[in-house]
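Hi,

Here is the structure I promised to pass on to you.

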Amino acid sequence: MMSTLTFAVMTLTVRPNIIVILADDHARSATSCYGSNLIQTPGIDRIARQGVRFDRHYTSNPICGPSRASLLTGKYSHKNGFKDNDSKFDGSQVTFPKLLQSKGYETSVIGKWHLVSEPTGFDHWEILPGQGAYYNPEFITPQGRQKNEGYVSEITTTKAVSWLQRKHSKPYFLLIGHKAPHRSWIPSVDRIPLFENRIFPEPVTLRTDHATLTSGAKTVGMRVDADMRPAEDLMVGFVPSALTQTQRGAWQTGFSGQDEAYRSKLEKTGDLLGTNYQRYLQNYLRCVDSVDDGVVEVLDFLDNSGQSQNTIVIYASDQGFFLGENGWYDKRWFYEPSAGTPLVMCGPSIGRGKKVSTLTSNVDLAPTILELAGLRGPAEMQGSSLLPQLKGKKTNSIPAYGHFYESNDGEHKVPKYISLCTDRYKLIRYYELAEWELFDLERDPNERENRWFDPELSGTIRTEMVRKLLERARQVGEVPEILDLFKLRKL
């Protein structure tokens with residue numbers, strides 16, 4: 001397949017090394033460079049301070065495997081074939097690591113992969129099986145499975161830095177895939193005391209009744225009060241089975257007082273939602289803190305080894321995450337907490353301390369990375385290079401397109417949808433429910449007011465947004481029968 005491709009090689013004096021650090025389920029609201037009032041993330045902030053922060057970056061299909069497939073291929077889910085987590089990635093298709101490898105880059109992936117098939121296009125790989133384990137995880141390598149003792153975020157970082165320390169005769173690309181902060185949010189034992197006495201502010205929509213949202217919002221299985229498991233999700237009276245004796249002792253010592261405080265507060269207040277929210281945030285943010293420490297370790301290595309001057313570092317998440325907004329945890333929806341993700345980059349040829357407000361998508365990362373390496377991706381890639389924004393040039397937003405395909409999994413129950421986000425408005429069509437949502441993000445950034453039936457928008461704005469959604473669906477090669485075009489003529 002590769003032999004049929006043609007792509008340009010641009011002139012660069014020295015081709016940069018490129019590192020992508022990809023977290024799992026990391027919300028913008030848990031990143032201090034995005035203004036978080038929940039946690040400080042000095043490692044990620046350091047990238048943003050030395051480079052560029054993208055303020056409106058979206059994942060087109062906000063679920064783990066599909067987002068990774070789009071990152072690798074620069075294509076939407078219907079084009080790369082990985083629509084949901086029941087899919088298997090076709091490793092024979094074109095990916096940006098393959099193109100880098102074919103043009104002289106040494107390539108490596110370490111950590112979470114979550115694409116079922118083995119990695120292709122990488123000279124070196126050590127990946128977690130499936131979701132992987134938080135403690136004492138196995139890693140799959142070409143030589144077989146290897147058991148590692150310790151905490152997964154720390155192990156992943158250690159393996160990554162160890163690979164970076166090797167002698168590299170070529171420019172390199174490294175993808176570091178963190179498991180954290182994916183559910184269940186199991187912290188490292190040394191972070192159990194972190195946030196123990198912190199009272200987190202509740203999001204304004206924590207106690208919403210979903211009155212104006214789609215009917216599916218009232219039936220999803222991702223409520224912080226009703227659907228969180230006290231043991232497996234909140235760690236109340238829970239000890240992971242994979243712990244060593246030493247880890248188990250530290251775990252029990254660290255959590256014993258916190259478990260008692262949780263039960264006491266719940267008994268005293270009867271507020272399951274508020275009590276669960278505080279406990280959930282503690283453990284989620286402990287996991288984020290471990291990831292950020294890994295970012296610091298990688299950046300420190302680059303600085304101390306003199307490699308930072310010729311290394312581009314990108315931090316992103318596969319999607320965002322609900323941290324109590326709408327009373328939820330998890331992702332999947334195209335609402336801002338879920339589809340919106342952090343994205344920061346720094347390194348040579350990248351502006352310093354800049355913020356980009358134009359809309360970007362995860363399919364844009366593949367062509368961006370290729371252009372940073374002096375290559376131009378093939379026409380089949382559907383994203384657009386972000387190099388102009390990285391150099392500080394003003395560009396017009398391309399509407400962010402989304403499509404969630406997952407069948408009702410019996411647990412989360414998020415309805416399928418197709419969606420479009422412009423600079424100001426967001427339109428979502430839940431096609432199996434035959435329902436619409438239309439939000440004015442300028443007036444309503446928390447998406448509390450569905451204005452689909454609002455007379456003020458039911459004319460020009462509503463019709464124009466539907467037209468743009470249809471147009472974008474056709475542009476990306478998706479035939480939108482699901483939009484029921486016959487009925488749309490009545491709009």
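First, some ground rules. This is a predicted model, where local features need pLDDT of at least 70 and side-chain atom pairs count only at pLDDT 80 or more, while totals for chains, interfaces and linings use all residues. Residues are numbered from 1 along each chain as its sequence is written, and side-chain values use heavy atoms, with hydrogens and water left out.

Start with helix 1 (residues 42-50) and helix 7 (residues 272-305), whose axes come within 7 Å and cross at roughly 50°. Helices here are DSSP runs of H or I with at least four residues, strands are runs of E with at least two, and both are numbered from the N terminus. An axis is a line fitted to C-alpha atoms, for helices over the stretch in contact, and angles run from 0 to 180 degrees between N-to-C directions. So helix 1 and helix 7 are oblique to each other (under 35 degrees counts as roughly parallel, over 145 as roughly antiparallel, 65 to 115 as roughly perpendicular, and the rest as oblique).

Which residues make the contact? From helix 1 they are Pro42, Gly43, Ile44, Arg46 and Ile47, and from helix 7 Asp292, Val295, Val296, Leu299, Asp300 and Asp303 (contact means heavy atoms within 4.5 Å). By class, this contact has six nonpolar, one polar and four charged residues. For these classes, Ala, Val, Leu, Ile, Met, Phe, Trp, Tyr, Cys and Pro count as nonpolar, Asp, Glu, Lys and Arg as charged, and the others, Gly among them, as polar.

Most residues other than glycine have a negative phi, and most peptide bonds are trans. With that in mind, look at the loop between strand 8 (172-177) and helix 6 (245-269), where proline 181 sits. A cis peptide bond joins alanine 180 to proline 181, with omega about 0°. Serine 184 lies in the loop between strand 8 and helix 6 too, and a cis bond with omega about -5° links arginine 183 to serine 184.

Next, go to the loop between strand 9 (311-317) and helix 8 (336-339), where you'll find asparagine 326. Its phi is near 60°, a positive value in a residue other than glycine. Is asparagine 326 buried or exposed? Asparagine 326 counts as buried because its relative accessibility is 7% (buried means under 20% relative accessible area, exposed over 50%, partly exposed in between, with a 1.4 Å probe and protein chains only). Arginine 332 is in the loop between strand 9 and helix 8 as well, with a positive phi near 80°. At 6% relative accessibility, arginine 332 is also buried.

**Cavities**

Rolling a probe the size of a water molecule over the atoms shows where empty space is left. On a 1 Å grid over the protein atoms alone, a cavity is a set of points where a 1.4 Å probe fits but cannot get out, a pocket is an open set with protein on both sides within 12 Å along at least five of seven lines, and lining residues have an atom within 4 Å of a point. Points are joined across faces, edges and corners, and a volume is the space filled by probe spheres set on them.

How many cavities of 30 Å³ or more are there? The structure has three. The largest has a volume of about 90 Å³; it is lined by 13 residues, and Leu22, Leu71, Ser317, Asn362 and Leu365 are the closest to its centre. Helix 2 gives the largest share of that lining, three residues.

The second largest cavity is about 60 Å³ in volume. Its lining is Leu22, Arg68, Leu71, Leu72, Lys112, Trp113, Leu175 and Gly177. Here too, helix 2 supplies the largest share, three residues.

The largest pocket has a volume of about 750 Å³. Among its 31 lining residues, Ser29, Glu325, Glu336, Pro337 and Asn446 are the closest to the centre. The whole lining splits into 14 nonpolar, eight polar and nine charged residues.

The second largest pocket comes to about 260 Å³. Helix 6 contributes the largest share of its lining, five residues.

Happy exploring!
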